[in-house]
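Here's a quick walk through a chain, starting from one residue and then stepping back to take in the rest. Have a look at the model first.

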Amino acid sequence: MNKKQLVSRLLQMLIVLIGISFLTFLLTYMSPGDPVRNMLTATGVMPTEELIQSLRAQMGLNDPFFVQYFRWLGNCLHGDFGTSYSLNKPVVDLLLVRLWPTLKLTLLSMGFMLVIAVPLGTLSAVYKDSVIDYIVRGFTFLGVSLPNFWVGLLLMLVFCVRLTIFPVISSTGDLKSMILPAMTLAIAMASKYARQVRTAVLEELSQDYVIGAKARGVKGWKIIWCNVFPNSLLPLITMLGLSVGSLLGGTAVVEVIFSYPGLGSLAVNAITSCDYNLIQGYVLWVAIIYMVINLIVDISYHYVDPRMRVKE
C-alpha cells in the first residue's frame with residue numbers, strides 16, 4: 001500500500017467514523033427514557049421534576065439536536081466521550097479498563113482457534129474425500145451449528161459443575177478463569193476457519209508448482225508447509241482481521257455467561273441501564289477498532305504476498 005492509497009483509506013475511515021457517530025447519537029437521542037432520571041436513580045437520589053429540569057439545563061440536554069451532537073463530537077475529538085450516567089466515571093476510563101481483559105481473551109481464543117483449525121483444515125484438504133475428511137467436515141458442520149451460549153453453558157456444566165476443574169465465574173480475569181470463555185469462542189471460529197483452510201489448501205494443491213515439486217521428488221508435507229500453506233494465507237489473514245475486530249469489540253453473550261469483565265459485558269450493562277454516553281462511546285470505540293484492524297490487514301498484504309507489491 002503506497003502513500004496515496006494510505007491517505008485515501010484514512011480519509012475514508014474518517015468519513016465512516018463521522019457517519020457512525022451521527023447515527024449512534026441520533027438513535028440514542030430518539031430512544032425512550034430520560035438520561036438524567038436514569039443517572040439520579042442509579043445514584044440513589046429520588047428524582048423530582050424540578051431537579052430533573054435543572055440538571056437537563058446544566059448538561060445541555062435541552063439544546064437542539066445538532067448543537068448537542070457537535071458539542072459531543074468536538075469533545076470526542078479531544079478524547080472526551082463524556083461521563084457514564086450509571087457508573088459516574090469517564091467513559092474513556094471504563095473502556096480502557098475493560099480493554100485489557102478483552103484483549104487477553106481475544107489472544108487466547110485466537111490461539112486455541114489456530115491450533116485447532118489449521119491442522120484440521122490441512123488434513124481435510126490433503127486427505128480429500130477420505131474418512132479423515134468426512135470426520136473433519138462433520139466436526140466443522142457441528143461447530144458452526146452450535147450457538148455460543150449453548151456451548152458455553154455445556155462447558156460450564158461439564159468442567160465447572162461436574163468436574164470442578166475451572167471456576168464458574170471468570171471475574172478474576174486470570175488464565176484459569178479465561179480458558180472456558182476462550183474455548184467457547186474458539187470452537188465456533190475453528191469450525192469456520194477449518195473450512196476456509198481446507199478450501200485454500202485445495203486450491204493451491206491443484207497449482208502447477210505443486211505438481212512440478214512432486215515430480216522432482218520433494219516430500220509432500222514439505223511442499224504443504226513451505227509452499228502451499230504460505231500461499232494460502234491471504235484469505236485467512238482477512239478472516240483473522242475481522243475476527244480480531246469482533247472479539248476486541250466484546251463478545252457480549254460469552255462474557256455475560258461467564259461473568260467476564262470485558263467490553264461485551266460493559267456494553268450489556270450500559271444498554272440495560274440506558275447509559276447513553278457509555279453506549280455512544282462503546283459503539284464509536286468498536287468502529288475504530290474494526291477500521292484500524294482492517295487497515296492493518298490491508299497493509300500486511302503488501303508484506304505477505306509479493307504479488308501485491310508487483311500490482312502496486
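## Starting at one residue

In which helix is the place of I52? Keep in mind that this is a predicted model. I52 sits in helix 3, which covers residues 49-59. Is I52 buried or exposed? Its relative accessibility is 0%, and buried means under 20%, so I52 counts as buried.

Leaving aside residues up to four places away in sequence, I52 touches D34, V36, R37, L40 and P47. Take L40 from that list: L40 and I52 are 12 residues apart in sequence, and their C-alpha atoms are 8.5 Å apart in space.

## A look at helix 10

Helix 10 runs over residues 220-231. With 12 residues at 1.5 Å a residue, helix 10 should span 16 Å, and its end C-alpha atoms are 15 Å apart, which agrees.

Within helix 10, the residues I223, I224, V228 and F229 are buried. They cover an arc of only 140° around the axis, so they lie on the same side of helix 10.

## The whole chain

Stepping back, the chain has 15 helices and 0 strands. Its C-alpha atoms fill a box of roughly 85 × 60 × 30 Å along the principal axes. Of the 312 residues, 41% are buried. Among contacts between residues at least 6 apart in sequence, 72% join residues at least 24 apart.

## Surface and charge

The chain's accessible surface is about 16900 Å², and 69% of that belongs to carbon and sulfur atoms. As for charges, there are 23 positive and 17 negative ones, with mean positions 11 Å apart.

Technical notes:
Residues numbered from 1 in each chain as written. Predicted model: local features only at pLDDT ≥ 70, side-chain atom pairs only at ≥ 80, totals over all residues. Heavy atoms only, no water. Helix = DSSP H or I, 4+ residues; strand = E, 2+ residues; numbered from the N terminus. Buried < 20%, exposed > 50% of the residue type's maximum accessible area, 1.4 Å probe, protein only. Contact = heavy atoms within 4.5 Å. Areas by Shrake-Rupley, 256 points an atom, 1.4 Å probe, with all protein chains shown as cover. Lys, Arg positive; Asp, Glu negative; His and termini not counted. Charge placed at Lys NZ, Arg CZ, Asp CG, Glu CD. Expected span 1.5 Å × (residues − 1). Arc of directions from axis to C-beta.
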